[in-house]
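Thank you all for coming; I would like to walk you through one structure, taking a sheet and then some charged pairs. Please keep the sequence and the model in view while I talk.

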Amino acid sequence: VPIVYGGPITMGGNIIWQSDPAETVHRFLGLCVREIDNITNIKLDEQDIGGLAGCSATPYYGTSSQTPDSRCAGAVKGLKDLAYLAVTLQRTDQLSSNPTTSCDVTGRRIKTWNGTTKSWETNALSPSKNPAAIIRDYLMLSTVLGGAGLSETQIDNDAFGYVSEVCDELIDNGNGGTEARYEMTIVIDTKHAVLDNITSMLVCFNGGIFRRGAKYKLTLQHS
């Protein structure tokens, strides 16, 4: 199960439970680990689920207190810290025999840098496309959940904050408006090595990371 940052991004999910074949089938689709901000635009075979008779979906955002949806009638345990969709599929001429489910996922709520207070603690948790904020969160995410498992004492918060500010700088978007210098939406495969995942993120904004003393510092090159 992946980790999602930024977004919204269209995802299909992986089937983690399904009821026995029948006219009506219930299905759970795992999307990503830990609490995310939102799940919207749920579709079956590219059709809005709200317009399909007998079909429905309930999104679960990956909180630590959520319980399995009642569709499974107790057959599934756990599912805390996992964002998933509980879907009801009704056989209909409008759908294929095994319909494809898709939805738009807005990723993890994370700490972001406040340039006024020069702190990562001022702002409320929120989804972010800021590469520095994403990498910082991933570095401190538990290894059990696919992160690097560092403690905050190992992070140079000021260095990460400086890069965060550079990424947020507004530049000409070429269409008469502005956009952030660097943004990132990424789905991280937790089966890949942590170093490989970090490298793929650094490439998105010409970033670099190195250790000085007991702390990791983030840098970037920009014109």
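This is a predicted model: local features need pLDDT of at least 70, side-chain atom pairs count only at pLDDT 80 or more; totals for chains, interfaces and linings use all residues.

**Charged pairs and an open sheet**

Let me begin with R109, which counts as partly exposed because its relative accessibility is 36%, where partly exposed is the range between buried, under 20% relative accessible area, and exposed, over 50%, computed with a 1.4 Å probe on protein chains only. Residues are numbered from 1 along each chain as its sequence is written, and side-chain values use heavy atoms, with hydrogens and water left out.

Which residue does R109 form a salt bridge with? The partner is D37, and the closest N and O atoms are 3.0 Å apart; a salt bridge here is a side-chain nitrogen of Lys or Arg within 4 Å of a carboxyl oxygen of Asp or Glu. Since R109 lies in strand β9 (residues 101-110) and D37 in strand β5 (residues 36-44), the pair ties together parts that are 72 residues apart in sequence. Helices (H or I, at least four residues) and strands (E, at least two) are DSSP runs, numbered from the N terminus. D37 is also partly exposed, with a relative accessible area of 26%, and a network of salt bridges links E35, D37 and R109.

Across the whole structure, a search finds 11 salt bridges. Another one of them joins E169 and R181, again with the closest N and O atoms 3.0 Å apart. E169 sits in the loop between α2 (157-168) and β11 (170-172), and R181 in the loop between β12 (178-180) and β13 (186-188), so this pair ties together parts 12 residues apart in sequence.

Now to the sheet. In what order do the four strands of the open sheet come? The order is β3-β4-β8-β7, with antiparallel pairing, and two strands are said to pair if DSSP finds at least two bridges between them. At the edges are β3 (14-18) and β7 (56-61), each of which pairs on one side only.

Strand β4 (residues 24-33) is joined to β8 (residues 82-90) by nine bridges, and within that pairing G30 has Y84 as its bridge partner, while V33 has L82. Towards β3, β4 pairs over four bridges, where I15 is partnered by L29, and a hairpin of five residues connects β3 to β4. Finally, β4 is mostly covered, with eight of its 10 residues buried.
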